[in-house]
Amino acid sequence: MSNNKPFGARLRAAMDARGPLCVGIDPHAHLLDAWGLPDTAEGLASFTYGVVDALADRVAVFKPQSAFFERFGSAGIAVLEQATIRLRDAGALVIIDAKRGDIGTTMAGYASAYLAEKGPLACDALTVSPYLGFGSLQPAIDEAREAGAGLFVLALTSNPEGPQFQSARTADGPTVAGAVLDGLRALNADADGLGSFGAVVGATISSTDENLDINGPLLAPGLGAQGGTAEGLTKVFGAAVRNVVPSSSREILGAGPDAIALQDAAARTNEAYRSVLGY
């Protein structure tokens, strides 16, 4: 295994030590412009490494959005690779938000790239899509177990179109989202402490009747600029709120490029989530 402890245990320890905040690294063109940077691979590198240098040793979790690196081709992927290494070297955990989903050897290829111990983009956890069937995730599940990594599976996303699929009923009765949560609950059943297989649940869904107690982490995007609030997390997640990984991007990144301003924004946001989530 690449890590002495599985992802769930490392995540709990990191959030206990540094607070629960997950900083999303989303280098939108307008954010690069706001930082006075060109919308180029060089601007991407300056932006990303500015965030890393300011926050890597202060924040528990980072979630770079792969799409904003991929749009610059191989140069952008090189920045993502280097940022991931730097963040992990500073003791932070990295969730690469790539939402990969496929079958068989193709899914195994994604798993080798992102989850294998010596994968070129080896991270602590990867977001994946279950919509080719929960069983299609098996190669990623196997690789994650082998490497001590984790997965975050799309379950209840906050986009308006999500319920069309996620709230649909399966042939066995539960909703698609419920079936995904059931699958994750089964994967985490034997975990010692927090499991390593988590769900993506939007912080702006208001509420849900689904059982979010999966003994695993619950990645909650949509906070800050997208409308989700720290106080609203209890309403959405109920008794499972302790397992929430609150992800915020623009409300922190918008404070840059000044490093102290970035640090102040992250500390302020982290403190708000600490009190709500009980850290």
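Analyst: Phe 152 is buried, with a relative accessible area of 0%, where buried means under 20% relative accessible area, exposed over 50% and partly exposed in between, for a 1.4 Å probe and protein chains only. The model is predicted, and therefore local features need pLDDT of at least 70 and side-chain atom pairs count only at pLDDT 80 or more, while totals for chains, interfaces and linings use all residues. Residues are numbered from 1 along each chain as its sequence is written, and side-chain values use heavy atoms, with hydrogens and water left out.

The structure holds 2 aromatic pairs, a pair being rings of Phe, Tyr or Trp (its six-membered ring) with centres within 6.5 Å, stacked with planes under 30 degrees apart, edge-to-face over 60 and tilted for the rest.

Trp 35 and Phe 47 form a tilted pair, 4.3 Å centre to centre with 45 degrees between the planes. This pair links distant parts of the chain, since Trp 35 sits in the loop between helix H2 (29-34) and helix H3 (41-55) and Phe 47 in helix H3, 12 residues apart. Both Trp 35 and Phe 47 are buried.

Turning to charges, the count comes to 10 salt bridges, each a side-chain nitrogen of Lys or Arg within 4 Å of a carboxyl oxygen of Asp or Glu. Among them, Asp 124 pairs with Arg 88, with the closest N and O atoms 3.1 Å apart. Asp 124 lies in the loop between helix H6 (104-114) and strand S4 (125-128), and Arg 88 in helix H5 (residues 73-89), 36 residues apart. Asp 124 counts as buried at 2% relative accessibility, whereas Arg 88 is partly exposed at 27%. Another salt bridge joins Arg 274 and Glu 271 at 3.8 Å, N to O. Within helix H12 (residues 259-277) these two are 3 residues apart, so about one helical turn separates them. Through shared partners, salt bridges also join Arg 10, Arg 88 and Asp 124 into one network.

Technical notes. Helix = DSSP H or I, 4+ residues; strand = E, 2+ residues; numbered from the N terminus.
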